[in-house]
Amino acid sequence: MNHPRIVQTLIHLLKCNIGTGLLGLPLAMKNAGLLVGPFSLLAIGILTVHCMVILLNCAHHLSQRLQKTFVNYGEAMMYSLETCPNAWLRTHSAWGRLQSRKWALTKERSSSHLHIGTTGHPVPPNMMNQKYKVSPTWYTVSFLLIITQLGFCSIYFIFMADNLQQMAEEAHLTSNTCQPRKILVPTPILDIRFYMLLLLPLLILLVFIQNLRVLSIFSTLANIATLGSMALIFEYIVQGIPDPRNLPLMASWKTFLVFFGTAIFTFEGVGMVLSLKNQMKHPQQFSFVLYLGMSLIIILYICLGTLGYMKFGSNTQASITLNLPNCWLYQSVKLMYSIGIFFTYALQFHVPAEIIIPVVISQVSESWALFAELSVRTALVCLTCVSAILIPRLDLVISLVGSVSSSALALIIPPLLELITFYPEDMSCVTIAKDIMISILGLLGCVFGTYQALYELIQPINHSIANSTGVYFYASSSPLLPPPM
């Protein structure tokens, strides 16, 4: 089996965390304040990386304790509950075990086991009739991972369709001279749904590529495109920055809740860390990759968010691309970033595919395994497209899903997992207190972020544009596109 090397894994990690949320960081800084924003984003980034390390340590410890080659996120939580000394937790874990479902796990890396969703091969015949114990904890974590990753994929549909529509319909208004953007209010020629349907067959073909090493080629192209667009964005925002002394150092606590949700949403790669480590030729080197990659990502986040807010001030839009001049040079930023998001779609899609596909394939004969796998992949891509088409305010729905699942996966579950896994081994009081505080912080963010998203959803549509992750900036009769404030 071919395994990605350090550079390839680093590329995957960067692309998993550099998505559409990055473009909303200047507005997030506005919601937090010029001083509070950068320090808060740094703190959230450090906490997120720490929780990733906790998750990796717990998975490694459980795999050694149980003599397993690899355990995924859901299995780590399940096994920690089943082996913990607390009788109540063990009992409630046992209540949820299901013996009737056939399960083909993708955790073995030896030559005698084939991978589904990783190499694309079907389940070996000797595994098709085996039954595996699955606890409700596994389903809880897996459900959160599926919702989170498919949510990212849905918002990618909106983002790419918006940019395609802008580039196509502003072509006659775009000039060679790059002047500060003015609000334009043209009438859309084609509905945004048309652009989503144009993207659908291309994304279906993309997700048929199942091996992470093969995806690294496309991921490299995505990184180049994203790097080029980021360079042009930075080139513009560092020129002629106004005096920042007029900007507030600290915003109100209500808008800070919006900042918290955006920051958590931006760190998109928590669901991929175990999978990326498992795919490495030398998994013990993943810690270096994680610290290096996340350090670069946090620095990028802080710089883009702070400089973007300093550049545009109170006029900062939901996406920094909304503030860029309407000229061919900066139109290319939308094109390059859309190309990057296009290939990132396949990486974010990899996690739910690995969870769902083995369940489906275990229910069919070996001769139908490949057809079943391709059908599931097609159906999941269509699901993300349909959700983007049917939900008019997708940005708030994704914010709601992100507040619930992203906060849980990134900040709430990992500290609790560490408590359950290592408590029998005489954890220090400092570690226990630290884990409890991180979980409480994540829970507060989950609760208040969910409240804010629900509040925005019930407001008139033009009241929520400030928190939109979409990039369409002119008025439209389409219900998918809210009018400007």
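At 67% relative accessibility, Ile189 counts as exposed, the class for residues over 50% relative accessible area, with buried meaning under 20% and partly exposed in between (1.4 Å probe, protein chains only). Ile189 lies in the loop that links α7 (136-169) to α8. Its C-alpha atom is 9.3 Å from that of Ala168, a residue 21 positions away in sequence. The model is predicted, so that local features need pLDDT of at least 70 and side-chain atom pairs count only at pLDDT 80 or more, whereas totals for chains, interfaces and linings use all residues. Residues are numbered from 1 along each chain as its sequence is written, and side-chain values use heavy atoms, with hydrogens and water left out.The protein contains 16 helices and zero strands; these elements are DSSP runs numbered from the N terminus, with helices (H or I) of at least four residues and strands (E) of at least two. Of the 485 residues in the protein, 57% are buried. The accessible surface amounts to about 20100 Å², and carbon and sulfur atoms account for 69% of that area; accessible areas come from the Shrake-Rupley method with a 1.4 Å probe, and for residues only the protein chains shown count as cover. Among contacts (heavy atoms within 4.5 Å) between residues at least 6 apart in sequence, 86% join residues at least 24 apart.

Helix α8 (residues 192-207) packs on helix α14 (residues 369-390) at an angle of about 160°, and the two axes are 9 Å apart. The helices α8 and α14 are therefore roughly antiparallel, given that angles over 145 degrees fall in this class, those under 35 are roughly parallel, those from 65 to 115 are roughly perpendicular and the rest are oblique. On the α8 side the contact involves Arg193, Met196, Leu197, Leu200, Leu203, Ile204 and Val207. These residues meet Arg377, Thr378, Val381, Cys382, Cys385, Ala388 and Ile389 in α14.

For helix α2 (residues 25-32) and helix α12 (residues 286-312), the axes come within 7 Å and cross at roughly 70°. The pair α2 and α12 is therefore roughly perpendicular. From α2, the contact is made by Leu25, Pro26, Met29 and Lys30, and from α12 by Tyr301, Ile302, Leu304, Gly305, Thr306, Gly308 and Tyr309.

The axes of α3 and helix α16 (residues 429-458) come within 12 Å and cross at roughly 120°, so these two helices are oblique to each other. The crossing of α3 and α16 is left-handed. Leu47, His50, Cys51 and Ile54 of α3 are in contact with Lys434, Asp435, Ile438 and Leu441 of α16.

Ala346 is located in helix α13 (residues 328-361) and is buried, with a relative accessible area of 5%. Apart from residues up to four places away in sequence, Ala346 touches Leu206 and Leu215.

Gln67 belongs to the loop between α3 (36-65) and α4 (73-83). The phi angle of Gln67 is near 55°, a positive value in a residue other than glycine. Gln67 is exposed, with a relative accessible area of 75%.

The structure holds zero disulfides, a disulfide being a pair of cysteine sulfur atoms within 2.5 Å. Cys153 is buried, with a relative accessible area of 0%, and Cys446 is buried at 13%.

Technical notes
Axes fitted to C-alpha atoms, helices over the stretch in contact; angles between N-to-C directions. Left-handed = near helix turned anticlockwise from the far one by under 90°.
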